[in-house]
Amino acid sequence: MECCLSVLLLLLLASSGCSQQEELCSKTVISSCGDCIRSGPHCVWCQQLNFTKAGEQEAVRCDTRTRLMARGCEKKDIISPRNNMQIVEQRPLAPLFEGHEPVQMSPQKISLKLRPGLPSTFSVTFKRAEGYPVDLYYLMDLSYSMKDDLAKVKGLGRDLFNALKKITEHARIGFGAFVDKTVLPYTNTNKEKLQKPCDENDQQCQAAFGYRHVLSMTDSEHEFRAKVSEQFISGNLDSPEGSLDAMMQAAVCGGNIGWRNSSTRLIVLTTDAGFHMAGDGKLAGILEPNDQRCHMDRNVFTRSSEMDYPSVGQLAIELEKNNIQPIFAVTENVEAVYKELSRLIPKSEVGVLQSDSNNVVTLIENAYNRLSSKVTLSHDSLPDDVRVVYTPVCEHPGPAGEVEGVCDNVGVREQISFNITVTANSCMRNQSFTIRPQGIRDTLTITLSTSCECHCQNPDDSKHRHCNAQGSIDCGICRCRGDFLGQFCECSSGKGDGQSLPETCQRDNGTECEGRGDCVCGRCQCHTTESGSSYHGEFCQCDDDHCEKFQNKQCGGNGKCNCGRCKCSPGFEGSACQCRVSEEGCRTANNSVCYGRGSCKCNHCECNEGYQRPQCQKCLGCPDQCQAKLNCIECLGFESGPFQKNCSEACSGILPFGKVEKFTISGKECHQKDSEGCWITFKLEQLVGKDNYWAEISEQRDCPQLPSVLAIIAGSLIPVAIIGILVLLLIKLLLHLKDLKEFKKFENEKKKSKWAEADNPLFQNATTTVENPTFTGE
């Protein structure tokens with residue numbers, strides 16, 4: 001018993017703490033009752049006269065009810081607008097369908113007038129009507145792989161109607177079919193293949209198509225079987241189908257499909273393949289996005305090949321807008337794909353088909369029972385700064401949430417309710433939004449306005465004596481007329497515009513006295529802070545309550561706050577006086593403080609730009625000192641270079657220095673070319689300070705020797721001569737080769753000629769003999 005009492009006491013203390021935590025008024029700049037009301041849901045205003053003391057800011061009138069009453073404000077003088085809810089329309093729930101639209105959710109219209117930030121909760125009841133009509137649209141994939149399934153569906157008419165009759169006497173069925181867009185790469189565009197895209201041996205094959213509406217909603221089993229029996233299989237090329245195209249048209253073409261206004265609308269999509277979606281149309285050069293409109297002519301989707309597939313988001317919007325609940329009856333190989341799709345579409349179910357769709361009726365029946373027994377309340381787009389929280393009240397509630405409220409396993413005629421909490425966080429007027437059960441036509445329209453102004457009981461006297469007969473009372477505050485100013489209209493500016501004196505109380509043309517005081521006759525009279533101290537400064541810009549804290553103590557308890565900055569006690573430093581004055585942590589190996597390249601604050605080095613903590617020894621971001629100090633090294637070591645004439649002045653940061661044969665200091669060895677083209681080798685060691693170095697310079701420079709003119713001339717002429725001789729030899733060789741070629745050609749022709757060895761028939765020997773008559777032979 002004592003244990004129970006202890007637990008109860010703890011709960012009471014916790015609830016008390018929560019209520020105290022809730023009753024907070026976070027004030028900002030308050031100059032009127034309206035400012036107070038807009039500051040927070042628990043801020044109230046005291047309109048009592050003489051509630052504020054002389055010089056006290058009027059903002060003290062704004063606080064929680066408890067604190068104002070503790071300060072002496074009468075209950076009747078407290079102004080605090082309340083939330084107001086008015087039920088505009090509330091028709092009773094109907095237990096069953098009687099030929100007209102039954103009421104399944106109540107109320108239907110509510111008007112709310114809320115105070116900003118203050119939540120208002122009301123209850124919405126829901127009851128499933130018995131015998132509510134069902135419109136089922138059977139949307140089937142007629143690609144070639146569904147051939148066996150089509151044969152089974154042709155005989156399903158009786159079973160489908162019998163299953164729906166168990167649910168309601170007012171059931172109707174429609175039928176549609178789809179394949180894919182009749183363009184490449186989805187479908188073979190060969191003329192013969194478009195007319196018969198199936199296997200050549202399959203004679204019963206219809207031409208390729210995107211989506212075709214076959215049968216509008218009917219309650220005739222015979223008509224359904226007759227229309228479905230007329231359907232034949234078709235085909236396409238790729239595996240994904242145009243499922244989303246077909247569902248979009250079935251959703252937006254209500255006149256063609258025959259959806260009734262008063263019915264549960266179901267689309268049963270049966271397929272064994274995935275689906276194309278927005279963006280896939282680019283593969284066929286289709287760039288026009290889906291416009292979410294009906295494009296049916298003679299029951300055929302006419303713009304299938306001109307418009308891209310819809311996105312999942314577009315389809316979800318249209319299904320929800322038209323209260324259509326999809327059931328995806330798919331084969332096991334694509335179950336995971338459609339479960340992911342179902343997560344993105346509200347009020348949808350996925351069931352696994354057998355290979356020949358033998359279990360489709362059972363699948364539809366089970367999916368319908370799951371959909372109808374799950375009641376999900378959600379809203380359309382909310383006005384800005386409005387928050388809605390749903391809390392289900394039923395046997396199987398889902399968690400409270402801001403997006404939707406869910407009750408599961410809700411039976412027919414079972415009444416459930418949802419507590420809906422609405423909060424408006426800013427001022428608005430006549431904004432509205434709609435709450436509805438998903439998949440059901442019933443709606444609740446909420447019209448929302450806010451109370452952001454005060455309705456005080458002000459005296460009619462325009463020259464009230466409380467305001468020195470120079471102003472009227474507005475929610476307990478004097479509103480001065482003409483050029484009168486002050487808390488009680490006690491001061492006159494002397495000018496008709498009444499602006500000259502207040503301007504002297506404004507810094508940089510800002511708020512009068514920074515909102516922390518009153519401008520009395522041209523000078524700021526500062527108010528007191530919540531802690532009891534006073535604001536100060538010419539424009540009340542300073543206070544001594546808001547300085548940096550350390551260990552939850554202002555100025556670490558080691559100093560005083562003055563105008564937002566800590567003034568530390570002797571021996572302490574830091575922005576919050578959190579450190580004792582010490583340089584122990586900043587001392588380096590050579591007993592310097594941060595190597596002279598930073599300052600010691602809070603016993604830590606704050607290094608100059610580029611130098612690294614903890615002791616500012618190295619500078620990772622500084623320029624390369626080898627190149628930066630080259631000119632100084634040249635003039636100091638070899639009395640040459642740009643700084644030759646003023647070396648001691650320009651290079652005072654590199655003293656002392658020394659010329660050595662072997663380096664003794666560690667660090668990077670620099671190897672640079674000087675102004676005379678010689679290579680200088682040296683090392684630098686940074687001493688204490690930013691630009692203070694010790695240098696060791698190698699005694700010898702590596703200077704290049706002057707080039708030989710004769711060698712250059714000889715080196716230039718000899719290659720030219722050699723090249724010329726080689727060119728002549730090459731020409732001679734080419735000529736010799738040409739002569740050899742001609743000679744060989746002559747020899748070959750000579751060998752080919754054949755001289756005749758027979759006698760010439762035209763040739764005759766000489767026949768005349770001449771003798772000398774005087775010749776005696778002696």
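Two strands pair if DSSP finds at least two bridges between them, and that is the definition to hold on to for the first part of this talk. The strands themselves (E, at least two residues) and the helices (H or I, at least four) are DSSP runs, numbered from the N terminus.

Hello everyone, and a quick word on what we are looking at. This is a predicted model, where local features need pLDDT of at least 70 and side-chain atom pairs count only at pLDDT 80 or more, while totals for chains, interfaces and linings use all residues. Residues are numbered from 1 along each chain as its sequence is written, and side-chain values use heavy atoms, with hydrogens and water left out.

Let's start with a sheet. Lysine 673 stands opposite tryptophan 679 in E38. Step back, and you see 4 strands in an open sheet, ordered E36-E39-E38-E37, with mixed pairing. Which strands stand at the edges? They are E36 (657-660) and E37 (669-673); each has a single partner strand, so one side of each is left without a neighbour in the sheet. On average, neighbouring strands here are turned by 30 degrees against each other, direction ignored. Helix H15 (residues 630-638) packs on this sheet and touches E36, E37, E38 and strand E39 (693-698). The direction of H15 makes about 105 degrees with that of E38. For the record, contact means heavy atoms within 4.5 Å, and axes are lines fitted to C-alpha atoms, for helices over the stretch in contact, with angles running from 0 to 180 degrees between N-to-C directions.

On a 1 Å grid over the protein atoms alone, a cavity is a set of points where a 1.4 Å probe fits but cannot get out; a pocket is an open set with protein on both sides within 12 Å along at least five of seven lines; and lining residues have an atom within 4 Å of a point. Grid points are joined across faces, edges and corners, and a volume is the space filled by probe spheres set on the points.

The second largest pocket holds about 830 Å³ of space. Of its 25 lining residues, Gln617, Gln625, Leu684, Gln686 and Tyr693 lie nearest the centre. H14 and E38 each supply at least two lining residues, and E38 gives the largest share, 3 residues.

How many cavities of 30 Å³ or more does a search of the whole structure find? The count is 3, and the largest cavity has about 70 Å³ of space. Its lining includes Ala316, Leu319, Glu320, Arg436 and Pro437. Helix H10 (312-321) and strand E20 (431-437) are the elements giving two or more residues to that lining, and H10 has the largest share, with 3 residues.

Now for helix H12 (residues 360-373). Its 14 residues reach 20 Å from first C-alpha to last, close to the 20 Å expected at 1.5 Å a residue; the expected span is 1.5 Å times one less than the number of residues. Among the buried residues of H12 are Val360, Leu363, Ile364, Ala367 and Leu371. Here buried means under 20% relative accessible area, exposed over 50%, and partly exposed in between, with a 1.4 Å probe and protein chains only.

Next, some backbone details to look up on your screens. Most residues other than glycine have a negative phi, and most peptide bonds are trans. Asparagine 50, in the loop between strand E1 (44-46) and strand E2 (62-63), has a positive phi near 60 degrees. Is asparagine 50 buried or exposed? With a relative accessible area of 57%, asparagine 50 is exposed. Alanine 469 also has a positive phi, near 60 degrees, and sits in the loop between strand E21 (444-450) and strand E22 (471-474). Alanine 469 is partly exposed, at 32%.

E22 pairs with E23 (residues 477-480) in the antiparallel sense over 4 bridges, and isoleucine 473 has cysteine 478 as its bridge partner.

Finally, the cis bonds. The peptide bond from leucine 184 to proline 185 is cis, with omega near 5 degrees. Another cis bond runs from arginine 613 to proline 614, with omega near 15 degrees; proline 614 is in the loop between strand E35 (604-607) and helix H14 (625-628).
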